[in-house]
Amino acid sequence: MRSRRSTLGLVRDAVLLSSVASIASPIMAAKRGKRSAALLVPLTGDRAALGLSIRNAAMLAETDAAALSVIDTGGTAAGAASAARAAVKRGAAMLLGPLSAAETRAVAAAVSVPVVALTNDSGARGGPAFVFGITPAQATAAILSYARSRGVRRIVAVDDGTPWSQASVAAARVAEADLGLTIVPVTGATIPPGVEGDAAFVPGSAVAIAPVLKNRGMQLLATMQTLDYRPDALTALEGAWIASPDPAKFASFASAYAARNGGRPGAIAALGNDAALIAKALRDSDQMTREGVLREAGFDGVTGPVRFRSDGSCARDFAILVPTNGVYDKVAESRGA
């Protein structure tokens, strides 16, 4: 696939059930009809623009204002906790957001309903909170698993000092034994002379180092952080293996977003859209509960299929992309990272 530029009740006596069925059914139907979700995002403060883009993306998935309310967190932990309590008081059975780990912890301490948080900090999971953001560990596991399946054994992991890169290299070290790999970590934007491997894992931007790796005969492994649609970047990255959500799905979402709102959405907005799809699916099936979030079938969306785990993490599928002749070719899928 090619893409151009451009998250049981107890059974009572059967006689009693049958005698009250005609009374209980309308009541239960009414309760189901009132079940809703709330989106917690910053609509004021430093991250208001991001919050607005998430809201707009979520409303592409759920247009019924009665099914999904939007509450301002102000971008603070205290604001997020206050917004969460207000949402539950209004009848929300599920919360989408907030954005940061600190906000997520505050919300998890304030309410007991399921929380599908948009943070990618895995440390924020637990209690009612599920981490739905794309984590460095997920992307790292996806690309390293693919590389292992292609015969790669020794990998030089490049830490450029950014938080994403640092967390990705740390995740590579953790996965080293399970995947049967040898990980050689290096710090900085280059690989020192004499440090060799079958491949180089560059979780940050890899455009500048890609030609050097080709000259040294090392396969480039990367994550979505390195995606770049400029013609010269695509040329430099030619042949790299990149773990990313499917860009074709994102392109369709971005087109729909632009048609309604103008502008181009980012990856976090796409997560907001997918979180709203999750809430809608659970509302439609009357499963807006923790058990519903944990359903075996999981969920699909712009950022790809996910299945939540009881510890608050999620398993996420990725596309494996290879830049070829000016486009990102999807050559494989990595499941359950």
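Let's start with Thr226, which counts as buried because its relative accessibility is 2%; buried means under 20% relative accessible area, exposed means over 50%, and partly exposed is anything in between, using a 1.4 Å probe and protein chains only. You'll find Thr226 in the loop between strand S10 (219-223) and helix H8 (231-237). Those labels come from DSSP runs numbered from the N terminus, with helices (H or I) of at least four residues and strands (E) of at least two. Leaving out residues up to four places away in sequence, Thr226 touches Gly204, Ser205, Ala206, Val207, Leu237, Ile242 and Tyr328, where contact means heavy atoms within 4.5 Å.

A quick word on what you're looking at: this is a predicted model, in which local features need pLDDT of at least 70 and side-chain atom pairs count only at pLDDT 80 or more, while totals for chains, interfaces and linings use all residues. Residues are numbered from 1 along each chain as its sequence is written, and side-chain values use heavy atoms, with hydrogens and water left out.

Now for the inside. In soluble globular proteins, nonpolar side chains tend to be buried together. A nonpolar core here is a set of buried Ala, Val, Leu, Ile, Met, Phe, Trp, Tyr and Cys residues joined through side-chain atoms within 4.5 Å. The largest one has 53 residues, and Met94, Leu96, Phe132, Leu144, Ile155, Leu221 and Phe308 have the most contacts inside it. There is also a second, separate core of 25 residues, with Val195, Ala200, Ala206 and Ile242 among them. Two of those names, Ala206 and Ile242, are also among the residues that Thr226 touches.

Not counting residues up to four places away in sequence, Leu96 touches Ala38, Leu39, Leu40, Leu68, Val116, Ala275, Ala276 and Ala279. Ala93 sits in strand S4 and counts as buried because its relative accessibility is 11%. Past the four-place limit in sequence, Ala93 touches Arg35, Ser36, Val113, Pro114 and Met288.

Follow the chain onward and you meet a cis peptide bond from Gly97 to Pro98, with omega near 5 degrees. Pro98 is in the loop between S4 and H4. In helix H4 (residues 101-110), the buried residues are Ala101, Glu103, Thr104, Ala106, Val107 and Ala108. Their cover includes strand S2 (36-41), helix H3 (77-89), strand S4 (92-96), strand S5 (115-117) and strand S6 (129-131).

What about helices packing on each other? Take helix H2 (residues 48-61) and helix H9 (residues 247-261): they pack at an angle of about 105 degrees, with their axes 10 Å apart. That makes H2 roughly perpendicular to H9. The axes are lines fitted to C-alpha atoms, for helices over the stretch in contact, and angles run from 0 to 180 degrees between N-to-C directions; 65 to 115 degrees counts as roughly perpendicular, under 35 as roughly parallel, over 145 as roughly antiparallel and the rest as oblique. H2 brings Ser53, Asn56, Ala57, Met59 and Leu60 to the contact, and H9 brings Phe253, Ala256, Tyr257, Arg260 and Asn261.

Next come the rings. The structure holds seven aromatic pairs: rings of Phe, Tyr and Trp (its six-membered ring) pair if their centres lie within 6.5 Å, and planes under 30 degrees apart count as stacked, over 60 as edge-to-face and the rest as tilted. The rings of Phe130 and Phe308 have centres 5.5 Å apart and planes at 75 degrees, so this pair is edge-to-face. Phe130 belongs to strand S6 and Phe308 to strand S12 (residues 306-308), so the pair links distant parts of the chain, 178 residues apart. Both Phe130 and Phe308 are buried. Another edge-to-face pair is Tyr229 with Tyr328, at 5.1 Å centre to centre and 75 degrees between the planes. Tyr229 is in the loop between S10 and H8 and Tyr328 in strand S15 (residues 327-334), so the pair ties together parts 99 residues apart in sequence. Tyr229 counts as partly exposed at 22% relative accessibility, whereas Tyr328 counts as buried at 1%.

One last stop is Asn325, in the loop between strand S14 (318-324) and S15. Asn325 has a positive phi of about 50 degrees although it is not a glycine, and at 61% relative accessibility it counts as exposed.
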